[in-house]
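Visitor: I have a model open and would like to go through it with you. Can we take it piece by piece?

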Amino acid sequence: MSDEPATRWGGPGESPGFLLWRVTLSWQRAMRNALAPHDLTHVQFVLLATLWWLHDHEGPPSQQKLAARAGTDTMMTSQVVRKLEDRGLITRAPDPADARARLLALTTEGRTTLAGALEDVEHADATFFAGHDDLVAGLVRLGAP
């Protein structure tokens with residue numbers, strides 16, 4: 001092994017990791033712009049959307065189940081959930097089956113906020129990925145759990 005940096009790529013423009021980094025930054029900007037009118041961060045949006053889906057399809061989730069399904073760190077999820085609760089977008093109720101756990105649900109305001117944000121995020125996604133159906137299909141396969 002040499003002490004000098006070396007790459008198998010001809011330059012950054014050929015490195016898949018670097019290109020993914022650049023595309024990710026661009027997509028994150030699109031998401032921030034889509035969510036700004038709703039006063040939500042992307043993490044808040046993902047947790048609200050995941051909570052909505054879980055609640056409506058599997059019943060009220062615990063905070064831990066929400067974090068697992070969203071793929072987020074449990075401590076960070078706890079902090080974000082508290083902020084969403086403080087804003088009146090979600091509720092946390094004791095789990096009758098586990099005194100240590102809290103079951104989460106969207107409030108009416110949370111559902112309304114999510115409905116508008118989801119529409120804007122899906123529009124931003126459609127615009128960002130327009131004309132790249134093969135790429136989107138590959139990304140879905142790459143990110144599938």
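Visitor: Which helix is F45 in?
Guide: This is a predicted model. In it, F45 lies in helix α2, which covers residues 42-58.

Visitor: Is F45 buried or exposed?
Guide: F45 counts as buried because its relative accessibility is 6%, and the cut-off for buried is under 20%.

Visitor: What does F45 touch, leaving out residues up to four places away in sequence?
Guide: F45 touches L35, L114, A117, L118 and V121.

Visitor: And how far is F45 from Q28 in space?
Guide: The C-alpha atoms of F45 and Q28 are 13 Å apart, with a separation of 17 residues in sequence.

Visitor: Switching to T77. Where does that one sit?
Guide: T77 is in helix α4, residues 74-86.

Visitor: Buried or exposed?
Guide: T77 counts as buried because its relative accessibility is 0%.

Visitor: Which residues does T77 touch, again without those up to four places away?
Guide: The contacts of T77 are L47, Q63, L66, A67 and T72. With T72 there is also a polar contact between the two side chains, at 2.6 Å.

Visitor: Now the strands. How do β1 and β2 run, parallel or antiparallel?
Guide: Strand β1 (residues 90-95) and strand β2 (residues 98-106) run antiparallel, joined by 6 bridges. They form a hairpin, with 2 residues between them.

Visitor: What is the bridge partner of T91 in β2?
Guide: T91 has A105 as its bridge partner there.

Visitor: On to charges. How many salt bridges are there?
Guide: The count is 5 salt bridges.

Visitor: Why would such side chains pair at all?
Guide: Side chains of opposite charge can pair when their charged atoms come close.

Visitor: Which residue does R92 pair with?
Guide: R92 forms a salt bridge with E85, and the closest N and O atoms are 3.0 Å apart. R92 is partly exposed because its relative accessible area is 23%, and E85 also counts as partly exposed, at 27% relative accessibility.

Visitor: What about E58?
Guide: The side chain of E58 meets that of K65 in a salt bridge, 2.9 Å from N to O. E58 is partly exposed with a relative accessible area of 38%, and K65 counts as partly exposed at 35%.

Visitor: And D98, which residue is its partner?
Guide: D98 forms a salt bridge with R100, with the closest N and O atoms 3.4 Å apart. D98 is partly exposed, at a relative accessible area of 25%, whereas R100 is exposed, at 75%.

Visitor: Last topic, the surface. Which residues make the nonpolar patch?
Guide: F18, L19 and W21 make a nonpolar surface patch of about 300 Å².

Visitor: Where is F18 found?
Guide: F18 is found in helix α1, residues 16-35. F18 counts as partly exposed because its relative accessibility is 35%.

Visitor: L25 too, which helix is that in?
Guide: L25 also lies in helix α1. L25 is partly exposed, with a relative accessible area of 27%.

Notes. Residues numbered from 1 in each chain as written. Predicted model: local features only at pLDDT ≥ 70, side-chain atom pairs only at ≥ 80, totals over all residues. Heavy atoms only, no water. Patch = residues over 30% accessible without salt bridge, like charges linked within 9 Å, V, L, I, M, F, W, Y side chains within 5 Å. Areas by Shrake-Rupley, 256 points an atom, 1.4 Å probe, with all protein chains shown as cover. Salt bridge = Lys/Arg side-chain N within 4 Å of Asp/Glu carboxyl O. Helix = DSSP H or I, 4+ residues; strand = E, 2+ residues; numbered from the N terminus. Buried < 20%, exposed > 50% of the residue type's maximum accessible area, 1.4 Å probe, protein only. Contact = heavy atoms within 4.5 Å. Pairing = 2+ DSSP bridges. Polar contact = N/O pair within 3.5 Å; in protein donor to acceptor, adjacent residues only side chain to side chain.
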